[in-house]
Amino acid sequence: MHIKNYLLFALVFLTGYTVTQAQAPATNYDESKVPPYTLPDPLLTPEGKKVVTTAEWEQNQRPYILKLFTENVYGRIPHKSSGMHFSVTEQGTPVMGGKAVRKQVTIHFEKGDKWPFMDVLIYLPKTNHPVPVFVGLNFNGNHTVAPDKEIRLPQYRAGKNKDADPETLRGTSASRWPVESIVNGGYGVATAWYYDLEPDNKDGWKDGIRTTLKETLHIAPEEWSAIGAWAWGLSRIQDYLETDKDVDAKQTILLGHSRLGKTSLWAGANDGRFSIVISNESGEGGAALSRRIYGETIRNLNTSFPHWFIERYKSFNDHPEKMPTDQHMLLSLIAPRPLYVASAEEDRWADPKGEFLSAKNAGPVYALYKLEGVGVTEMPPVNTPVGKSVRYHVRTGKHDVTLYDWTQYIHFADQYIKK
Ligand code: GCU
């Protein structure tokens with residue numbers, strides 16, 4: 001070994017200082033240390049012209065921005081498979097003292113009943129007309145959404161279910177899914193476990209639909225991402241809801257928390273059938289601006305979760321300024337549909353201010369439609385939602401989905417949804 005290498009080895013050995021650690025910048029939580037940045041203008045065409053009409057936006061600029069996200073961040077989303085079909089395993093069992101029904105549906109992605117498929121759990125208020133429905137993926141399995149013995153258990157063990165008896169997990173995510181409050185508000189809710197689409201680990205794509213459906217969907221695993229696969233699944237839930245006469249599928253409200261918030265934004269950008277989109281603390285790679293260096297960075301994301309995005313996204317690890325996009329442009333793809341972006345004060349990793357600024361900077365696209373965005377220039381105080389077509393709040397507390405969040409979402413939806 002060359003003397004220089006000995007010295008380096010001794011340095012690494014004695015100090016525990018490794019080259020990788022030296023390269024990974026420390027997380028910045030200091031507002032005064034956020035380096036200056038300039039955001040790309042969602043209304044500026046590749047030819048340098050400013051978009052001024054909704055027609056120009058819809059015909060050219062919006063597809064152009066969607067393509068930028070496809071090619072640089074999340075990958076391509078394939079069409080549904082022709083063999084897809086639904087089997088309603090539970091037609092509508094009265095629950096909550098008769099004021100709601102529970103349905104369960106399996107979405108088979110191919111002809112026949114074999115794996116892969118996705119189990120959807122649905123609660124609908126009991127009424128005599130089709131109801132609007134909140135749609136979102138869940139983190140730990142449908143059986144964790146409510147303490148309800150009749151909810152079908154996940155079909156295989158992974159994630160939290162891997163080591164625990166799934167029976168013991170029933171209802172453990174119930175605080176994130178206040179089903180009764182949702183039903184009382186006049187809404188239904190449809191949810192599925194994201195692992196049914198792709199297990200959330202770096203090798204998950206081998207077991208998930210990116211591998212099992214690659215021939216059926218005519219797409220190679222590396223052409224899309226875990227977030228893409230989860231987003232594709234959300235659109236398949238929408239496909240099912242369109243066949244359910246108890247559901248008003250023209251009024252579906254897409255929501256997601258954290259990584260599943262990133263997913264909902266990407267699904268909402270690709271699938272205009274979702275009439276409202278809600279991002280709950282989706283952070284980096286979701287609602288938060290990447291050029292604003294605060295909390296999680298692109299490098300952090302790609303290091304801990306190399307499967308969430310496409311390979312090309314890694315080339316921006318330390319250079320968000322080189323991306324042709326930033327996340328306010330993703331939010332602008334939801335326009336003119338109502339959009340809600342929510343943060344939590346203690347969730348600094350997700351950069352609440354970066355989420356607010358992103359929501360604010362989607363405003364010019366809403367303005368093309370003569371719609372008011374967040375309506376303020378400064379971040380509002382905690383627990384003070386602001387904005388019209390783009391609504392924003394930062395609530396007190398930690399990274400989570402709480403009843404406070406749901407109460408705001410229901411109130412927001414009430415302004416747009418006809419019941
Ligand atoms: C991690 C990750 C975030 C993500 C979050 C979650 O903290 O770094 O980007 O949003 O997990 O999904 O809970």
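**View 1. Helices α3 and α8 pack against each other.** The axes of helix α3 (residues 54-74) and helix α8 (residues 259-270) come within 11 Å and cross at roughly 140 degrees. Here axes are lines fitted to C-alpha atoms, for helices over the stretch in contact, with angles running from 0 to 180 degrees between N-to-C directions. The pair therefore counts as oblique (under 35 degrees is roughly parallel, over 145 roughly antiparallel, 65 to 115 roughly perpendicular, and the rest oblique). The crossing of α3 past α8 is left-handed, meaning that the near helix is turned anticlockwise from the far one by less than a right angle, whereas clockwise would be right-handed. On the α3 side, the contact is made by Arg 62, Leu 66, Phe 69, Thr 70 and Tyr 74, and α8 brings Trp 266, Ala 269 and Asn 270 (contact means heavy atoms within 4.5 Å). These residues divide into 5 nonpolar, 2 polar and 1 charged; Ala, Val, Leu, Ile, Met, Phe, Trp, Tyr, Cys and Pro count as nonpolar, Asp, Glu, Lys and Arg as charged, and the others, Gly among them, as polar.

A word on all the views: this is a predicted model, in which local features need pLDDT of at least 70 and side-chain atom pairs count only at pLDDT 80 or more, while totals for chains, interfaces and linings use all residues. Residues are numbered from 1 along each chain as its sequence is written, and side-chain values use heavy atoms, with hydrogens and water left out.

**View 2. Arg 395 sits in strand β9 (residues 390-395).** Helices (H or I, at least four residues) and strands (E, at least two) are DSSP runs, numbered from the N terminus. Arg 395 counts as buried because its relative accessibility is 3% (buried is under 20% relative accessible area, exposed over 50%, partly exposed in between, with a 1.4 Å probe and protein chains only). Its side chain makes a polar contact of 2.9 Å with the side chain of Asp 405, and one of its side-chain polar atoms lies 2.8 Å from the backbone oxygen of Asp 400. A polar contact is a pair of N or O atoms within 3.5 Å; within protein, one must be able to donate a hydrogen and the other to accept it, and residues adjacent in sequence count only if both atoms are side-chain atoms. Not counting residues up to four places away in sequence, Arg 395 also touches others, including Glu 281, Ser 343, Glu 345 and Asn 383.

**View 3. Arg 170 lies in the loop between β4 (131-138) and α4 (179-184).** With 13% relative accessibility, Arg 170 counts as buried. The side chains of Arg 170 and Glu 167 are joined by a polar contact of 2.9 Å, while the backbone oxygen of Lys 149 is 3.3 Å from a polar atom of the Arg 170 side chain.

View 4. Most residues other than glycine have a negative phi, and most peptide bonds are trans. Asp 351 is in the loop between β8 and α11 (352-361) and is buried at 2% relative accessibility. Asn 383 belongs to the loop between α12 (363-368) and β9 and is partly exposed at 34%.

**View 5. Cis peptide bonds join Trp 115 to Pro 116 and Ala 335 to Pro 336.** Omega is about 10 degrees at Trp 115 and Pro 116, and about 0 degrees at Ala 335 and Pro 336. Pro 116 is in the loop between β2 (100-108) and β3 (117-125); Pro 336 is in the loop between α10 (327-332) and β8 (339-344).
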